[in-house]
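This report describes a protein chain, going from its overall make-up to a few single residues. Look at the sequence and the structure first, then read on.

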Amino acid sequence: EHGDNRLHCERSGSQGVEGLSMGVTTLVRTVVAAAFVGMLLVNYKYATEGQFQQQLGSSYVDPDPITFSVWGIIYLLWLILVVTQSVSDLGSVATNRPLIVAVFGCNALWLFVNAQELPWLAVWVLATYAYVLSVLYKRMEVSYVNGGLQGLLVFPAVSANLAWAIVAAAVNFSDTVVTEGWQTGDQWAIGIVGVATILAVVKLVYNLDVFYVAVTCWAFLGIHRYQKPGSDFPMEQSQQLSDIAAGLAIGLAALAGLALVGRLVYAVFDTRRVQIPCAYQVVLRKRQQPSEGLKNPLLENC
């Protein structure tokens, strides 16, 4: 009887702990969703009031206005991530929810500071925004090399937002220093484009991050369009900057395409390398055991 009571108490305690854990998880998931909705409401508020942009000077790093439409895609990708984390703990989402909330908070804070016409504070907030995203990128171990659901539902939002935040931080800083009377010029912009290209190549080589590359290319094309004759860029256009931005965008896109094709070919080849010998053995209904000195690497995974 005492044993039964003890077992009953242990089960009740275990159920209580599980119930508490589920309650905490539900609460944290709700906080992430609420932070996302709050960020969207702040964006809507300042969009309707026309306070997205300060009256800053223009620099050669600026893309044309249509380039900023990329935010619609970024927010859609975040929506997918938020819905995913609301119903599951896919991958490393569970341990990184506080950072996701911090990303949404930085986004809303920058809009507020920007609307108050505090340019240098806005520069620091946007730099912090990019830094928090980079930490989240690292902790979530973003990589598309092995595919999986994370590569479709979780990683794209972080990749796209990080790529744009880095470009936006460079634009914000450049426009602010121009407002202070520092002339940066087109060579400064070419340098920024070069650094952004290196970052994109690194993300592509190590993580196969085509989302990061795609957003970077879009930003470069925006710079290219703004430097073309007929645009409303307020200074003399730079043909050199226009050509370099367009050329690097095309080059990055081509490199990303080659990387994807290469990965696909490798995956197909690797699958056949393992499965063909196994299928052959099943048909023959025998399994050969190679001698120690003559091992066949094609049969080692069978």
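## Overall make-up

Of the 302 residues in the protein chain, 37% count as buried. The model is a predicted one. The chain has nine helices and zero strands, so the run of elements from the N terminus is α-α-α-α-α-α-α-α-α.

Contacts can be sorted by how far apart the two residues lie in sequence. Among contacts between residues at least 6 apart, 76% join residues at least 24 apart.

## The nonpolar core

The largest nonpolar core has 71 residues. Those with the most contacts inside this core are W78, V103, F104, L136, M140 and V158. Helices 1 (2–48), 2, 3 (97–115), 4 (119–139), 6, 7, 8 and 9 (239–284) each supply at least two of its residues. Helix 6 gives the largest share, twelve residues.

F104 is one of the residues with the most contacts inside the core. Which residues does F104 touch, leaving out those up to four places away in sequence? They are V32, A35, F36, M39, W78 and V82.

## Helix 2

Helix 2 covers residues 70–87, which makes 18 residues. At 1.5 Å a residue, this helix should span 26 Å, and its end C-alpha atoms are 27 Å apart, which agrees.

The buried residues of helix 2 include V70, I74, Y75, L77, W78, L81, V82, T84 and Q85. An α-helix has 3.6 residues a turn, so residues three or four places apart point the same way.

## A cavity

How many cavities of 30 Å³ or more does the structure hold? It holds one, and the largest cavity has a volume of about 30 Å³.

The lining of the largest cavity is made of V61, V167, A170, I192, V193, F220 and I223. By type, these lining residues are seven nonpolar, no polar and no charged.

## Two loop residues with positive phi

E117 lies in the loop between helix 3 and helix 4. Phi of E117 is near 60°, a positive value in a residue other than glycine. Is E117 buried or exposed? E117 counts as exposed because its relative accessibility is 59%, and the cut-off for exposed is over 50%.

E141 is found in the loop between helix 4 and helix 5 (150–153). Its phi is near 55°, again a positive value in a residue other than glycine. With a relative accessible area of 65%, E141 is exposed.

Key:
Residues numbered from 1 in each chain as written. Predicted model: local features only at pLDDT ≥ 70, side-chain atom pairs only at ≥ 80, totals over all residues. Heavy atoms only, no water. 1 Å grid on protein atoms, 1.4 Å probe; cavity = no way out; pocket = protein on both sides within 12 Å on 5 of 7 lines; lining within 4 Å. Points joined across faces, edges and corners; volume = space filled by probe spheres on them. Nonpolar A, V, L, I, M, F, W, Y, C, P; charged D, E, K, R; others polar. Helix = DSSP H or I, 4+ residues; strand = E, 2+ residues; numbered from the N terminus. Expected span 1.5 Å × (residues − 1). Buried < 20%, exposed > 50% of the residue type's maximum accessible area, 1.4 Å probe, protein only. Core = buried A, V, L, I, M, F, W, Y, C linked by side-chain atoms within 4.5 Å. Contact = heavy atoms within 4.5 Å.
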